[in-house]
Amino acid sequence: MSSQDGDNQVMGRQLIGRKTVVKNKSAAERQITAEQMLRESMERGGADAAFRPPRRVISDHQELAEVRLQKRKEFEDTIRRSRTNMGVWAQYALWEAGQKEFERARSVFERAIDVDYKNQSIWLKYAEMEMKNRFINHARNVWDRAVSLLPRIDQFWFKFSYMEEMLGNVAGARQIYERWMKWAPGKNAWNTYIKFEVRRRNIPRARSIYERMLITHNELDTYMKFARFEVKHGKREYARLVYERALKELAEDAHRENFFVAFAKFEETCKEFDRARVIYKYALDNVPKEEAERLYEMYSNFEKKHGTRETVEDVILSKRRFQYEEEIKENSKNYDVWFDYIRLEEGKGIKERVREVYERAIAERPPIAEKRFWKRYIFLWISYAVYEELGAKDIERARQVWRACLDIIPHKTFTFAKVWLMAAQFEVRQRNLTAARKLLGMAIGKCPKEKLFKTYIELELQLVEIDRCRKIYEKYLEFMPDNCTAWVKYAELEGSLQENERSRAIFEMAVNQEALDMPEMLWKAYIDFEMKIKEYPRVRT
């Protein structure tokens, strides 16, 4: 061994024993993750990087039989481990069908059905396998068993009937549909049957199916489809009967915007404009206002095309009614809106509608018993009574309105002298003085106001009932002894009757009151009275 080799060995031992020292421990500027390395390797490797099983070339029948045996064994092992997995059963059966082993494929499907006959996919794949390979009778057998065991699965019936129709077996397809209808299926099933008959151009039979469908599905949509069916096939009289049947048999359930719009459009296409107008008006009266926006628009367009000036005005009124209804819905205590609504109906002149709006308005009683909240409300009652008397000419009904108004006012808290006076004046106009006096007497008893006394006195003066006037003045002064105007008027009444002593006595009683609101006016009236009858010494005293 040379000296150079010895030196190398010594240096190697020194390097092995030396501890490695990292001079720079900071992170590298470019970091590389394991995920990035794997992705780059796959990208560089391309399609060859993905695993592909080796391609096996089968050279003879014996080798093919071995491969099939091995595949079957794999499927059977998988089924044994997960017996309820219908996907494995379907793969197994379809693989057998792909090998042209149809008996084996049927056997696998039957075994799967024994495990879970309620699985829809296994029945569908079983039948599709038979149809794909043109085993029609086998496919019929599979579909028949499927619809017998699972009659509520519409897809089986659809595919079964479609297969028969494609084969040209119309009678068989119709028989399948009839079996299906006995189970009272959904509307889609009935519509499919009807389309089948239409494709066969058997319109009377399709019409009879619609009639049977109405028994099972007595709904508005069914009637509308039936009517469109009749229109499409040129039977407008039948279509009109269907619409009328819907209104008669469904009653309030038929009060829908889309139904009335369709009905009115149908009559418009038939040039029956009067019938269409009646339908629109009936709809506007019966459909809820919040659902009738499109109905108002359609009616407006209809009248603009086919109506007169009066009918267009009716549409405008209907729109305004709708606006008022919306405002009332937002705030039913908005009495200004009620007044506008009432004026609208009064302008139209239909008594029933006017009364209906009045009744709805007066039903919205103020929630708080404070007079300032009741003022506008009471004017509704007054307007109602005046309308019944002057507009509707119904005197008895007007009397009932006045009485109801007086009954509803909380007189113990507050009252309205105007209502008492107008109710009494109403009785005077009807020449029922007894009732008028009774009302004014009740008013004075419940709310002794100056206005009530004055009006009652004026009434009795006009009737020249002096004794009654005196009694009223006495009540007046009993409630308001400090009212100088009342004392003066009472004295002037006696003076006008040449009852000077009575007049002087009244003045004496007045000036002797402890409290008076306007004593100077009282003294002046007393002096004028004495001067008028030329009692100058009394004037001086």
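Helix H17 (309-330) gives the most to the lining of the largest pocket, with five residues. Here helices (H or I, at least four residues) and strands (E, at least two) are DSSP runs, numbered from the N terminus. This is a predicted model, in which local features need pLDDT of at least 70, side-chain atom pairs count only at pLDDT 80 or more, and totals for chains, interfaces and linings use all residues. Residues are numbered from 1 along each chain as its sequence is written, and side-chain values use heavy atoms, with hydrogens and water left out.

The largest pocket holds about 450 Å³ of space. Of its 19 lining residues, Leu284, Asp285, Ser318, Arg321 and Arg353 are the closest to the centre. At least two lining residues each come from helix H15 (273-286), helix H16 (293-306), H17, H18 and H19. Pockets are found on a 1 Å grid over the protein atoms alone, where a cavity is a set of points that a 1.4 Å probe fits but cannot leave, and a pocket is an open set with protein on both sides within 12 Å along at least five of seven lines; lining residues have an atom within 4 Å of a point. Grid points are joined across faces, edges and corners, and the volume is the space filled by probe spheres set on the points.

In the protein chain as a whole, the secondary structure comes to 29 helices and zero strands. Of its 541 residues, 39% count as buried, where buried means under 20% relative accessible area, exposed over 50% and partly exposed in between (1.4 Å probe, protein chains only). Among contacts (heavy atoms within 4.5 Å) with a separation of 6 or more, 48% are between residues 24 or more positions apart.

Two helices can be set side by side; the expected span is 1.5 Å times one less than the number of residues.

| H4 | 86-98 | 13 residues | 18 Å | 18 Å |

The buried residues of H18 are Tyr335, Val337, Trp338, Phe339, Tyr341, Ile342, Leu344 and Glu345. Their cover includes H17, helix H19 (351-362) and helix H20 (371-391). Just after H18, glycine 349 takes a positive phi of about 90 degrees.

In H4 the buried residues are Met86, Val88, Trp89, Ala90, Tyr92, Ala93, Trp95, Glu96 and Ala97, and what covers them includes helix H3 (61-81), helix H5 (102-115) and H6.

A nonpolar core is a set of buried Ala, Val, Leu, Ile, Met, Phe, Trp, Tyr and Cys residues joined through side-chain atoms within 4.5 Å. The largest such core has 83 residues, of which Ile122, Trp123, Phe156, Phe259 and Leu295 touch the most other members. H4 provides the largest share of this core, eight residues. Apart from this core lies another, of 55 residues, among them Met422, Leu440, Leu452 and Ile457. Leaving aside neighbours within four places in sequence, isoleucine 122 is in contact with Met86, Trp89, Ala90, Phe109, Ala112, Ile113 and Asp116.

Which residues does arginine 207 touch, not counting those up to four places away in sequence? They are Phe226, Phe229, Glu230, Lys235 and Tyr238. Arginine 207 lies in helix H11 (residues 203-216) and, with a relative accessible area of 17%, is buried. Phenylalanine 507, in helix H27 (residues 500-511), counts as buried at 2% relative accessibility, and its C-alpha atom is separated by 9.9 Å from that of cysteine 484, 23 residues apart along the chain.

Two loop residues other than glycine have a positive phi. Arginine 134, with a phi of about 65 degrees, is found in the loop between helix H6 (120-132) and helix H7 (136-149), and at 73% relative accessibility it counts as exposed. Lysine 393, whose phi is near 60 degrees, is found in the loop between H20 and helix H21 (395-408), and is exposed with a relative accessible area of 62%.

Cysteine 270 is buried at a relative accessible area of 15%, and cysteine 405 is buried at 1%. With a disulfide taken as a pair of cysteine sulfur atoms within 2.5 Å, the count comes to zero disulfides.
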